[in-house]
Amino acid sequence: MTSQFTRGTEQVRDHVAAQLERARQRSKLLTDAVDDHDLVRQHSKLMSPLVWDLAHIGNQEELWLVRDVGGREPVRQDIDELYDAFKHARAVRPELPLLGPAEARRYVSQVREKVFDVLETSPLEGRRLVDGGFAFGMIVQHEQQHDETMLATHQLRVGPPVLDAPPPPRGGPVGPAEVLVPGGPFTMGTSTEAWALDNERPAHQAFTDPFFIDTTPVTNRAYAEFIAAGGYTDPRWWSEAGWAHVQKAGLVAPRFWERDGDQWYRTAFGVTAPLDPDQPVVHVCYYEAEAYAKWAGKRLPTEVEWEKAARFDPATGRSRRYPWGDEEPTEAHANLNQRHLSPAPVGAYPAGVSPLGVHQLIGDVWEWTSSDFHGYTGFEVFPYAEYSQVFFGPDYKVLRGGSFGSDQAAVRSTFRNWDYPIRRQIFAGFRCARDASPEELA
Ligand code: AVJ
Ligand code: FE
């Protein structure tokens, strides 16, 4: 596939139509999998009812593509307020007079019909919002992001399994445990990726000292060793905020883990099975990641380090779109697109390795970094402040790389996710890094 910035207008339209369709197939799968009662109820205070996500997807699509890009009459102006994420916290959304399952489904398909008409008739240039199909790409990504959120709701749902997928591919060799990333400048962020969101822009030169980064995300096996070594009860490994949190919340293991004697079990989408020791650990919060890293004699990578490990090609000095090159991900490169319902064992994606030999940077699990979420120098709100800017500051930590539940339309090496450091319902794990000593560089 060619990259978005080399596509002609007709190719952009075809690409947009296919991506919209793919996103909608996934939204349907996630909402048709459960009955009406499960669609309207709250599976966790942290999440919206699934039926809210569905209509919110339609409402954002209506606001940006039907009304703004298309200049058409509203489909349902009366419901804007209900589906404005800033008006009502997730915990209170079930109490709102929401559209019911049948109404929500009708609403999203009415909007979609108009959007296909707008797509056929609107010029895709001349206005920054539509250049390269940006507004459509933003809405595709928005739907896929909410699909990942709905997948997290499914993971929190209690009851017999309703989702099914083939197991991930087998693991394989990964080489040395860490790789050395050379110090110096590299290009971070992007100014050319047509569908990159405002917080990924602009491309700029960033600098790192030489550092080591783990070849793979931290596995269940390694994480279980931290638990067995008393990691959760030893304040030496925890930051002040982390120690306060682990005690108050009573954390003893990753979310969805259960012990029976010496064996750990993990429940995923209604299925409880012995933990696969070679899969990356998932459902840990930032504080747990930080504590593990300290126990291991390491630290979390900064966001700058993570992106350099994922993009920098020392042979050319260039930053790639993905660790493996500039081509779109295929199923050989990365565990994405909800193709499997868990992370894959380490070494499962040799075709996805970075030039420096780092595995599984894209897909499998979101990776916590030590960085707060801020705008890059030269950041400009586009097209609305409530996507990124209102979240900038010390309250959120940046996560990188996407998970098995992220769609490839919404993941790239410049993509930035963020969440509170206590959150565990997202598909998040981590890998460690450390400074390189002078002897190691000599
Ligand atoms: C980028 C995943 C943090 O879900 O809060 C969805 C994406 N923004 N609707 C979120 C988003 C508006 C956002 N994250
Ligand atoms: Fe949203």
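# Questions around ligand 1

Mentor: Let's start with the shell around ligand 1: its residues divide into 2 nonpolar, 5 polar and no charged. Keep in mind that this is a predicted model, where local features need pLDDT of at least 70, side-chain atom pairs count only at pLDDT 80 or more, and totals for chains, interfaces and linings use all residues. Residues are numbered from 1 along each chain as its sequence is written, while chains are lettered from A and ligands numbered from 1 in the order in which they are written.

Trainee: Which residues are around ligand 1, and what makes a residue count as near a molecule?

Mentor: They're His142, Gln145, His146, Thr149, Tyr387, Asn417 and Trp418. The test is a C-beta atom, placed from the backbone, within 6 Å of the molecule.

Trainee: And what makes a residue nonpolar, polar or charged here?

Mentor: Ala, Val, Leu, Ile, Met, Phe, Trp, Tyr, Cys and Pro are nonpolar, Asp, Glu, Lys and Arg are charged, and the others, Gly among them, are polar.

Trainee: Which domains does the shell draw on?

Mentor: Domain 1 (9-156) and domain 2 (164-442), with at least three residues from each. The bounds come from an automatic or database domain assignment. The C-alpha centres of the two domains lie 27 Å apart.

Trainee: Where does UniProt place its "binding site"?

Mentor: At His56, His142 and His146, in an unreviewed entry. UniProt positions follow the numbering used here, feature names are shortened, and annotations may be inferred rather than shown by experiment. The three are spread over 91 residues of sequence, yet they cluster in space, with a largest C-alpha distance of 9.9 Å.

Trainee: Why is histidine 56 called buried?

Mentor: Buried takes 20 or more other C-beta atoms within 10 Å of the residue's own, exposed 12 or fewer, and partly exposed is in between, with C-beta atoms placed from the backbone. Histidine 56 has 24, so buried it is. Histidine 56 lies in helix 3 (residues 50-69) and touches Tyr83, Ala85 and His146, leaving out residues up to four places away in sequence.

Trainee: Why does histidine 146 count as buried?

Mentor: Histidine 146 has 22 C-beta neighbours inside 10 Å, so that one is buried too. Histidine 146 lies in helix 5, and what it touches beyond four places in sequence is Asp53, His56 and Ile57.

Trainee: Moving on to helix 6 (residues 220-228): which residues there are buried?

Mentor: Asn220, Tyr223, Ala224 and Phe226. They sit on the same side of helix 6 because they cover an arc of only 150 degrees around the axis, taken from the directions from the helix axis to the C-beta atoms. Their cover includes strand 6 (263-268) and helix 8 (286-295).

Technical notes. Helices (H or I, at least four residues) and strands (E, at least two) are DSSP runs, numbered from the N terminus. Two residues are in contact if their C-beta atoms, placed from the backbone, lie within 7 Å.
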